[in-house]
Amino acid sequence: MVELNCIYNENCFNTMSRMENNSVDIVLTSPPYNMTKRKGGYADTGRYDVYQDWLTEDEYIANTVRLFNEFNSIIVKNGIVLYNFSYSIENPTLPYKIVSYISENTEWDLVDTIIWKKKSGLPFPANQRRLSRIWEFVWVFARKSEINTFNCNKKIKSISEKTGQKYYEVYYNIINADNNDGATPKLNQATYSTDLCSQLFQIYGKEGYVVYDPYMGTGTTGCACIINKMSYVGSEISEDQCKYAEERIKKVEKKWLI
């Protein structure tokens, strides 16, 4: 069993093994991107304080498929996965392979693609042939059996008198949001923003939902859950990031839980 509004300092598979079936409404996360082919991965260059972002492509894909198969047990009927992922110069095809393998080897399928447009992008202009990346993917996954029923907040705007066709509120598949909530260079240089999470929750979340983040990092998902009156469960292998995240969330609670 796990408790709500807690971050567990452990591998996400250990946490999910103790979670009740059908106990999570949304998984929202940004996993390590496996972005480098340099020996030792980004832990040697300071991207993460603990995690070694250095798997073979086959290992990384197999781990992702395993992750989604575990999601199938813990996520409620019509629940979804919001999966922030990007590419790098060194792995430009990996995102597309991941989507394909998830579709072929799990109960989940891609139902929408959201573009997160950030305030600034990388890399800096030091490569003649590569464009600076100012956007990232947020993939929306639902079970194949729930493609036409998964939870979404779009409301009916009008109904055609002639045909009965329903027309819904317009939500464009681009979100303009901050890059992050401030630098944590000694812990994690690959964070996203509370702004992004909150905008995603406006589309897919509801007050009282339970959100799981298997790569909680510095606690951004948890902060967004508090602001949007949801509960969270997180996993994070870095003890220092867990402590940092807990302190961040406490400050958010003091501000928003009045």
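Student: How many disulfides does the structure hold?

Tutor: A disulfide is a covalent bond between the sulfur atoms of two cysteines. The criterion here is a pair of cysteine sulfur atoms within 2.5 Å, and the structure holds 0 disulfides. This is a predicted model, in which local features need pLDDT of at least 70, side-chain atom pairs count only at pLDDT 80 or more, and totals for chains, interfaces and linings use all residues. Residues are numbered from 1 along each chain as its sequence is written, and side-chain values use heavy atoms, with hydrogens and water left out.

Student: Is Cys-12 buried or exposed?

Tutor: Buried means under 20% relative accessible area, exposed over 50%, and partly exposed in between (1.4 Å probe, protein chains only). Cys-12 counts as buried at 5%, whereas Cys-152 is partly exposed at 31%. Of the 258 residues of the protein, 47% count as buried.

Student: Where is Tyr-168 placed?

Tutor: Strands are DSSP runs of E with at least two residues, and helices are runs of H or I with at least four, numbered from the N terminus. Tyr-168 is in strand E7, residues 166-168, and is partly exposed at 39% relative accessible area. The protein has 6 helices and 10 strands in total.
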